Amino acid sequence: MAAGNCQQTGHNIQPPQTKDEPMQGRVAGRVAIVTGSGSVGPGIGNGRASAITYAREGARVMLVDLDLAAAQATEAMIRDEGGDCFCFEADVSDAGDCGRIARECVARYGRIDILHNNVGIEIPGGLTETTAEDWDRTMAVNLKSIFLLCKEVVPYMEEQGGGAIVNISSINAIRTLPALSLAYAVSKAGIIAFTRDVAVEYADRGIRVNAVLPGMMATPFVVGALTEAYGGDVEAMMARRDKLCPMGRQGDGWDVARLSLFLASDEASYITGAAMVVDGAQTARI
Ligand SMILES: NC(=O)c1ccc[n+]([C@@H]2O[C@H](COP(=O)([O-])OP(=O)(O)OC[C@H]3O[C@@H](n4cnc5c(N)ncnc54)[C@H](O)[C@@H]3O)[C@@H](O)[C@H]2O)c1
């Protein structure tokens, strides 16, 4: 679409920004930690897209992942574009690792401005199928990890006079989806409550905390976690998920990244304690 004035309204219409277009330094000079910055499969997941987006917008990025090779793939993509980042192997469900993440970031970059909590796992199943172990693991990886890492990072942000935290939840926190994942849904709902309470606690200290609720996104995460729950055929699953979306298509990692970038940037300086969907109207319809 060419840029120009809309004949009907006279408004200036700009073409949508493409996924590869460099943007405008919206987090220039900032330091970001992105957890789960690799991807469980080939392609661009939510964490990878967010890490690349922060780097494109001028942040120096610490790439945390349990799978070092996955983080290194993201590192290569960022460095290819001239960005500044480094990888750090850690399990965010481990308290000791969370302490190491915060200390290493400050040791390398001197500060922490943005904490992007992306790590999440989904073990499909309702009450019958979900085991106590599935429940505990999901809570530890999806929810306790955010608590642990915030406890380590927030004191640095407080000392600096501020910071922004973006927690990746899911629309499954507020809606029941076709493939039941009970533990996952409850953990993602917990993220919203955590976000709200910590946002209020730190509102007068310049630390903003927001949650992003992605809808159905076509990412390697979905292929890994849900193919079986949709009958085992990836193509059929993706087609079904596209159909379930009011826009006729799923979103992708870049959609999650752009909302996260906005929330992490000064453009969102009066937004804290919010839970925002990026879902192509899925929750609006259900
Ligand atoms: N794709 C969707 O449809 C969708 C929808 C709603 C929410 N989400 C959320 O988005 C996030 C996933 O995004 P993604 O595409 O980056 O996922 P992903 O599964 O590709 O994971 C990214 C990385 O997280 C790492 N990881 C897993 N456990 C870890 C741990 N304990 N410590 C450190 N790293 C760990 C993996 O090694 C992987 O490289 C999750 O929180 C998920 O719940 C996804």
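**Helix packing, pair by pair**

Reply: Start with helix α4 (residues 132–160) and helix α5 (residues 182–202), whose axes come within 9 Å and cross at roughly 15°. Axes here are lines fitted to C-alpha atoms, over the stretch in contact for helices, with angles from 0 to 180 degrees between N-to-C directions. Helices are DSSP runs (H or I, at least four residues), strands likewise (E, at least two), numbered from the N terminus. This is a predicted model, so local features need pLDDT of at least 70 and side-chain atom pairs count only at pLDDT 80 or more, while totals for chains, interfaces and linings use all residues. Numbering starts from 1 along each chain as its sequence is written.

α4 and α5 are therefore roughly parallel (under 35 degrees; over 145 would be roughly antiparallel, 65 to 115 roughly perpendicular, the rest oblique). On the α4 side, the contact (C-beta atoms, placed from the backbone, within 7 Å) includes Trp135, Met139, Leu143, Ile146 and Phe147. Among the α5 partners are Tyr184, Ile191, Phe194, Val198 and Tyr202. By class, that contact has 13 nonpolar, four polar and two charged residues; nonpolar means Ala, Val, Leu, Ile, Met, Phe, Trp, Tyr, Cys and Pro, charged means Asp, Glu, Lys and Arg, and polar is the others, Gly among them.

In the loop between β7 (163–168) and α5 you'll find Ala179. Ala179 counts as buried, with 22 C-beta neighbours inside 10 Å (20 or more is buried, 12 or fewer exposed, in between partly exposed). Setting aside residues up to four places away in sequence, Ala179 touches Pro124, Leu226, Ala229 and Tyr230.

Now the other pair: helix α1 (residues 46–56) and helix α8 (residues 253–264) pack at about 50°, their axes 8 Å apart. That makes α1 oblique to α8. From α1, the contact draws on residues including Arg48, Ala49, Thr53 and Tyr54, and α8 brings Trp254, Val256, Ala257 and Leu261, among them. This contact divides into six nonpolar, five polar and two charged residues.

Terms used: Contact = placed C-beta atoms within 7 Å.
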